[in-house]
Amino acid sequence: MSRHLLVTGHNRAGSTLLYGMLQRCLDGFNIPGPEFPARAVLHMPGNTCSRRSFDIFDFEKIVAAAEGRKRLDMIVMLRDPRDILTSYDPRLPDDYACSADKSYFVAAQGRPEQLLPGVLQTHARINETIEAGHLPQGVVLLKYEHLVSDPDRVQNLLATCLELEFTGRFGEVHKHERAGSASGASDTPGLTRERIEKWRAPHHRARIIDQFSRFPELHEIVIDLGYERDTGWFDRLVAAGDDRPAIPA
């Protein structure tokens, strides 16, 4: 039976980076890009792969579409919610891209609107999807921080857990793209640790305090994902006493 590999999970959590690596290194899969809903790709012959963060909300329909046609495996991207909440999009110069309760939808034309689910809804949906048990053989939870810090180890784990074959190394993708670009730039996000814990920058302080004060459920997610043991970090942040306004970096 042919296979479909679904990359989904939290928005702003590295799915674009991972998908670029898969496009260049995963062997034996048809991988269109940059983003397609899984149900628009499943009908294609042979092994396929798709990336769309909000496909996690369409999971039951994806399972139904794949049943009897393709084996479905899933990689769920995770990231420190504090870094998601302080992510920005160059098309949104005056606001952050994601909030606890909603995220922006940026159409090719028209004004950006906060129409998409936020961190809270997405995390709840991820848990519901895992607990549903539709894919006992193929759900991998992948943290952005691990992908950036040790891409080759992540690649080896994916090869083992999902029975995948690769040509080329995840850790070399960005280097090759930069070398092959006349400008030295790459469309694929770089393997840089600078994006880890960027929420700690002083200009994000008011943003973090606002979101965690209005949505204390975020504390449970940060602890559940292993980024903190308790809420002491927040108490220290509040005690710092810097009241500058929150603006995108």
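**Entry 1: a helix over the sheet**

I began with helix H1 (residues 15-25), which lies across E1, E2, strand E3 (70-78) and E6. Against E2, helix H1 runs at about 160°. A reminder to myself before going on: this is a predicted model.

How many of the 11 residues of H1 are buried? I found eight, so H1 is largely enclosed by the rest of the structure. The buried ones in H1 are Ser15, Leu17, Leu18, Tyr19, Gly20, Met21, Leu22 and Cys25.

I then looked for another helix on the sheet. Helix H4 (residues 119-132) packs there too, touching E1, E3 and E6. The direction of H4 makes about 145° with that of E3.

**Entry 2: the sheet itself**

Next I wanted the strand order. Four strands form an open sheet, and reading across I get E2-E1-E3-E6, with parallel pairing. Which strands stand at the edges? They are strand E2 (48-51) and strand E6 (139-143); each has a single partner strand, so one side of each is left without a neighbour in the sheet.

Then I zoomed in on one pair. Strand E1 (residues 2-9) is joined to E2 by four bridges, and the two run parallel. I picked His4 and looked for its bridge partner in E2, which is Thr48.

Is Cys49 buried or exposed? Its relative accessibility is 0%, which is why I count Cys49 as buried. Leaving aside neighbours within four places in sequence, I listed what Cys49 is in contact with: His4, Leu5, Val7, Tyr19, Leu22, Phe29, Asn30, Ile31, Pro32 and Val41. Leu22 is 27 residues from Cys49 along the chain, and their C-alpha atoms are separated by 8.7 Å.

Asp55 came next, in the loop between E2 and helix H2 (59-66). I had to check the accessibility here as well: Asp55 is buried, with a relative accessible area of 0%. Not counting residues up to four places away in sequence, Asp55 touches Leu6, Thr8, Phe36, Pro37, Ala38, Ser50 and Ile62.

**Entry 3: H4 against H9**

I returned to H4 to see how it meets helix H9 (residues 217-224). Their axes come within 10 Å and cross at roughly 50°. H4 and H9 are therefore oblique to each other. As for handedness, H4 passes H9 in a left-handed crossing.

Which residues meet there? From H4 I noted Val119, Leu120 and His123, and from H9 Glu217, Leu218, Ile221 and Asp224.

The peptide bond from Gly33 to Pro34 is cis, with omega near 5°. Pro34 is found in the loop between H1 and E2.

Two residues with positive phi also went on my list. Arg12 is not a glycine, yet its phi is about 65°. Arg12 is found in the loop between E1 and H1, and at 29% relative accessibility it counts as partly exposed. Glu163, also a residue other than glycine, has a positive phi near 55°. Glu163 lies in the loop between helix H6 (151-161) and helix H7 (170-180). With 53% relative accessibility, Glu163 counts as exposed.

**Entry 4: the whole chain, and where to be careful**

To finish, I stepped back. The secondary structure of the protein comes to 10 helices and six strands. Of the 249 residues in the protein, 49% are buried. Among contacts with a separation of 6 or more, 67% are between residues 24 or more positions apart.

What does the pLDDT average over the protein? The value is 89, and 90% of the residues score at least 70. Over residues 178-188, though, the pLDDT is below 50; beyond near neighbours in sequence, this stretch has 11 contacts in the model. Residues 243-249 also have a pLDDT below 50, and that stretch has 20 contacts in the model beyond near neighbours in sequence. Where pLDDT is low, the predicted coordinates should not be read in detail.

Definitions and conventions. Residues are numbered from 1 along each chain as its sequence is written. This is a predicted model: local features need pLDDT of at least 70, side-chain atom pairs count only at pLDDT 80 or more; totals for chains, interfaces and linings use all residues. Side-chain values use heavy atoms; hydrogens and water are left out. Two strands pair if DSSP finds at least two bridges between them. Contact means heavy atoms within 4.5 Å. Axes are lines fitted to C-alpha atoms, for helices over the stretch in contact, and angles run from 0 to 180 degrees between N-to-C directions. pLDDT is the predictor's confidence in each residue, from 0 to 100. Buried means under 20% relative accessible area, exposed over 50%, partly exposed in between (1.4 Å probe, protein chains only). Angles under 35 degrees count as roughly parallel, over 145 as roughly antiparallel, 65 to 115 as roughly perpendicular and the rest as oblique. A crossing is left-handed if the near helix is turned anticlockwise from the far one by less than a right angle, and right-handed if clockwise.
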